Amino acid sequence: MSRLSEIPIRIEPPPALGGLGGGVTAILSELISLLERLTNSQESAAIDLRSLPMNVDDLAELRRALGEGEVRATLDAEGISAIRETKVPGVWWVEHRDRHGELMAELIEVTRMPQILMTASEEIATGARLLREQIALRSVARRPLTV
Amino acid sequence: MPHSDAEVTVGEMLRRHGISRRGFIKFCTAAASAMALPPAMGVAMADQLAHALRPSVLYLSFQECTGCLESLTRSFAPTIENLIFNVISLDYDDTLMAAAGEAAESARTKAMQDNFGKYVLIVDGSVPTGAGGAYCTAGGHSAVETLREAAKGAAAIVCVGTCSAFGGIPFADPNPTGAWPVTAIVGDKPIINVSGCPPIPEVITGTLLQFVTTGKVPELDEHLRPKVFFGNTIHDRCYRRPFYDEGKFAKSFDDEGARNGWCLYELGCKGPTTYNACATVKWNGGTSFPIESGHGCLGCSEPGFWDKGSFYAAQSTALWGKAGESSPREVLELTASAVAAGAVIGVASAGVSRLRQHRSEQNADERESNGDN
């Protein structure tokens, strides 16, 4: 046996895992209900994907079913979060990762805009204060020096 | 303007450390996910915590291997450092703190005095009572003395790991040090058992976060474990469950069934009788859990897991609760039930604790007189 390729090995097929099976259809049905609720009562909702016994194939199937939409946002706070609207308007796929890139939470949000993207009222007030301070500093800098 | 760290809210402390509101929402969303709470709770939790004061936390390490603390400090990010310094005020942990000797012990005493009745006591490890408690001492005090003293002013006790919750490996036969779980020593305080060898880091931080957020002990099962994490068996939420239902089982660790990812029940998996969140929260930041790596569940979050026969014998052949079990295990189950009842109805079960303690000391004395040690 002179060549590596002549060593008799058998490559095992990838394991056929269990997982949700028909559960992807159930999630899509649930999303219809949540979209109707958002339309009728303005009530947002979310599905926590990590609470479901989904395997890699289930997740891939769900991603394919929901597709890619027009909006993608990246949040850089204690790690990167990818927030994108799927091709189903009002259905957002949200991935929160930590500073090491590990997945902390994975959600499907049914909402007009994920709340984490919105600026809080207290932050808006802080923003106005920061701008006032900046204007004050600029006016001090422009004042002529007197001896 | 607050004068001391004790008066600083979580939100203020976050700002001081440069953690944004959105970063904290992410942390709370991950924690809510780990706690099986509705995802929207993450935002609500972040808002509530931002205005809460940071509770004082004391972490006592007794007869343990430090695996639980290793698990906790490798928790998801924002890391435990953030949790420790922003959400809670960790006033004593002799493994993590820089201070040693008298400085460390006086930090513990001061925190207990300043926060009497309000602090959270975390206990890691079982409590040896044999030889007058001499098997585990620090600063000239035995573990059992330190626990009793620290428990007096605690608002709640969180037992991290199977050793403090159920005795764990030190409690396993022949239990040479007379080890006991915290419930056998303290009977008049709310106790939350976060079992596991080690517990899942997200389960530890999630339990602490839930207590800090609500100020209340979460709903517990009969072994005093938070139901949000211990409400389902591993088997209930296992991705291999469809194969169990179809009767497809791996017969050895390298047969075709194992390669096809079939159910590991016949290889000794204890998933059907083990309550924990491994199948959903998973390990290493949600990467996988033992069954996903091809090994059955050991049942490490259940009382007496070390004494329940071979890890590799199918449950149908393993003798769970076999006849003639040693009395400590029976006493443990009695104790857990009694303390659970006490926690639920809010009645102090100090009498039960004293009885258990008396029995444990008697047990240790008998062992010593028999020359077992």
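Q: How many bridges join strand 4 of chain A to strand 5 of chain A, and which way do the two run?
A: In this predicted model, strand 4 (residues 91–97) and strand 5 (residues 103–110) of chain A run antiparallel and are joined by 7 bridges.

Q: Which residue stands opposite A:His96 there?
A: That is A:Ala105, which belongs to strand 5 of chain A.

Q: And what sheet of chain A has the order 1-5-4-3-2?
A: It is an open sheet of 5 strands in chain A, with antiparallel pairing; strand 1 (45–48) and strand 2 (72–76) of chain A are the edge strands, each of them pairing on one side only. From one strand to the next, the twist averages 20°.

Q: Switching to the contact, how many residues come from each chain?
A: Chain B contributes 32 residues and chain A contributes 31 residues.

Q: Which elements of chain B give two or more residues to the side that touches chain A?
A: Those are helix 2 (21–34) and helix 12 (241–246) of chain B, and helix 2 of chain B gives the most, with 9 residues.

Q: How do the residues on that side of chain B divide into nonpolar, polar and charged?
A: The side of chain B that touches chain A has 16 nonpolar, 9 polar and 7 charged residues.

Q: What about chain B as a whole, how many helices and strands are there?
A: Chain B has 15 helices and 9 strands, and 53% of its 373 residues count as buried. Taking the contacts in chain B between residues at least 6 apart in sequence, 74% join residues at least 24 apart.

Methods
Residues are numbered from 1 along each chain as its sequence is written. Chains are lettered from A and ligands numbered from 1 in the order in which they are written. This is a predicted model: local features need pLDDT of at least 70, side-chain atom pairs count only at pLDDT 80 or more; totals for chains, interfaces and linings use all residues. Two residues are in contact if their C-beta atoms, placed from the backbone, lie within 7 Å. Helices (H or I, at least four residues) and strands (E, at least two) are DSSP runs, numbered from the N terminus. Ala, Val, Leu, Ile, Met, Phe, Trp, Tyr, Cys and Pro count as nonpolar, Asp, Glu, Lys and Arg as charged, and the others, Gly among them, as polar. A residue is buried if 20 or more other C-beta atoms lie within 10 Å of its own, exposed if 12 or fewer, and partly exposed in between; C-beta atoms are placed from the backbone. Two strands pair if DSSP finds at least two bridges between them. Axes are lines fitted to C-alpha atoms, for helices over the stretch in contact, and angles run from 0 to 180 degrees between N-to-C directions.
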